Amino acid sequence: MTESKLTTTRRSILKAGLGMAAAGVLPMRVWAQASTMPKIPEKTVRMGGFAVTNHGWTMLLSQSGFLKDVGITMEGGAPKLLRETQVLPQLNNGELDITTMWFGMVSQALDKEVKARPILTYSYFQGNTILASPTSGFKTVDEFVAEGLPWDKAAAAAIEQLRGKRFAITASPSTYQWNDFALSLGGMSMKDTQTVPVEDPRAVQLAIGNQIDFAAPGGAVQVYQLQFQAGWKPIMSTRQMIKYMPTGTGSAVNDLLNYDLMMCTDDYLRDNKDTIYRWCGATFRTLDFMFGASQKQALSKYAPFISANTGAQMDPDAIKFIFEQIDPFFQWKDQASIWEDETFPLYYKNLYSYQIKKFIAAGTIADKAYDLDEVFQAKQIWKNLSEMKTKTEALQAKLDATASDDRKTLAAEAKRHYDQFNYFDALRFAEAAVA
């Protein structure tokens, strides 16, 4: 076509369009062919964690097929369950790519653990409990309060019962801070008791065999076994402290709370950012599976796995109680409160700013500035995913019924990923659909 004919044709189209507009009729939008279908690469991730209820649940990411839907395979099909003291070394040594972690293991060594980075926060533990046999004659702090004692005297009376007694504690140091605080309510510390450091399942065996006077397991499964299956009495617990003591920023109780989260090294995060976005999306989808309409199905799938790895017989109802009462979870809908709501008691700075100050004052970590926004990469990852979600919604709104079939196919894929919390690929497909 000659230049003059091309110009004439363009003018004719423009004139026709203006004429239609003047008549109140706008020309139909003509969609060009869509961009190429985005690809999702295959990736294998080595996952680790503790052999406890609120860490082993990550097996559902793999066995539900949610990771497969975003191109990820969990090596071995389930997390590698380890002792607490093994997890960070294996992460730092490159034996694991991603692991669950109790953040108290990191916060007390922030000046040394410079490589570990939280990428997603999913729960907190409020299940620390000192238990005694129902036939022992020991009283709980609730019983002392019911007799008319004020909290401080009731707490002191409850703790005094442990003096010189056989006290089974978890062999790892994760609960020592809490145990020392609980005992301090009676002017004591662990050295004032006959501590018996053992693995949590062994603590249950000793308790049921009446070989100890008190037990404070570190795992929710063992607390549940003793308190709700064997009928042991909670002499002192975090939940009792929350009931009677002041809470909130800088309070003694808040200083004892810690997140359970997923972590990787800063090197892995830098080199695998797309995989981390997809992993987090699959995690939020799994949490929705665990706490939504399919909860019974999810927990029934999980129960045999955690029972086999803890030696306990856990049914879905027991796991539901643990996940909702002892280890409350944070889903996608809860993330904004963690990272942006300064009035939220579990806002990240409400917990860790004061804990870090205490560790510095005690000489536990070096006296220097610690940037919690740098430490908690989970905050920025959540913000990025939120922005991807918003952008996807805006792009989806641009498509209409006149879109070509290939664009509709891409839009459908964007919606599928969007509905599955995979906002990273939802945005990629939405961008391709309107390009």
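This is a predicted model: local features need pLDDT of at least 70, side-chain atom pairs count only at pLDDT 80 or more; totals for chains, interfaces and linings use all residues.
The order is 9-8-10-7-11, and the pairing is mixed.

**Entry 1**

I checked the edges next. Strand 9 (194–198) and strand 11 (233–237) stand there. Each has a single partner strand, so one side of each is left without a neighbour in the sheet. I read an average twist of 25 degrees from one strand to the next.

I then turned to strand 7 (residues 129–132) and strand 10 (residues 214–216). They run antiparallel and are joined by 2 bridges. A132 stands opposite F214 in strand 10.

Which helix packs on this sheet? I found helix 8 (residues 176–184) there. Helix 8 touches strand 7, strand 8 (166–170), strand 9, strand 10 and strand 11. Its direction makes about 145 degrees with that of strand 8.

I followed strand 12 (residues 259–265) through its pairings. With strand 6 it pairs in the antiparallel sense over 7 bridges. P118 has M263 in strand 12 as its bridge partner. Strand 5 (residues 98–102) also runs antiparallel to strand 12, with 4 bridges. There, M101 has L261 as its bridge partner.

Why is strand 6 largely enclosed by the rest of the structure? I counted burial along strand 6 (residues 116–124): 9 of the 9 residues are buried, so the strand is largely enclosed.

**Entry 1: helix 13 against helix 19**

I compared the axes of helix 13 (residues 273–291) and helix 19. They come within 11 Å and cross at roughly 80 degrees. Helix 13 is therefore roughly perpendicular to helix 19. From helix 13, I276, Y277 and C280 meet I381, N384, L385 and M388 in helix 19.

**Entry 2: aromatic rings**

How many aromatic pairs does the structure hold? I got 31. I looked up two of them.

Y224 and F321 form a tilted pair, 5.7 Å centre to centre with 55 degrees between the planes. Y224 lies in helix 10 (residues 220–229) and F321 in helix 15 (residues 316–326), so the pair ties together parts 97 residues apart in sequence. Y224 has 13% relative accessibility and counts as buried. F321, at 24%, counts as partly exposed. The cut-off for buried is under 20%.

W339 and F376 have ring centres 5.7 Å apart and planes at 55 degrees, so this pair is tilted. W339 is in helix 16 (residues 335–340). F376 is in the loop between helix 18 (372–375) and helix 19 (377–398). The two are 37 residues apart. Both W339 and F376 are buried.

I also traced a cluster. Ring pairs link F103, Y124, Y259, F330, W339, Y347, Y348, Y352 and F376.

Terms used
Residues are numbered from 1 along each chain as its sequence is written. Side-chain values use heavy atoms; hydrogens and water are left out. Two strands pair if DSSP finds at least two bridges between them. Axes are lines fitted to C-alpha atoms, for helices over the stretch in contact, and angles run from 0 to 180 degrees between N-to-C directions. Contact means heavy atoms within 4.5 Å. Rings of Phe, Tyr and Trp (its six-membered ring) pair if their centres lie within 6.5 Å; planes under 30 degrees apart count as stacked, over 60 as edge-to-face and the rest as tilted. Buried means under 20% relative accessible area, exposed over 50%, partly exposed in between (1.4 Å probe, protein chains only). Angles under 35 degrees count as roughly parallel, over 145 as roughly antiparallel, 65 to 115 as roughly perpendicular and the rest as oblique.
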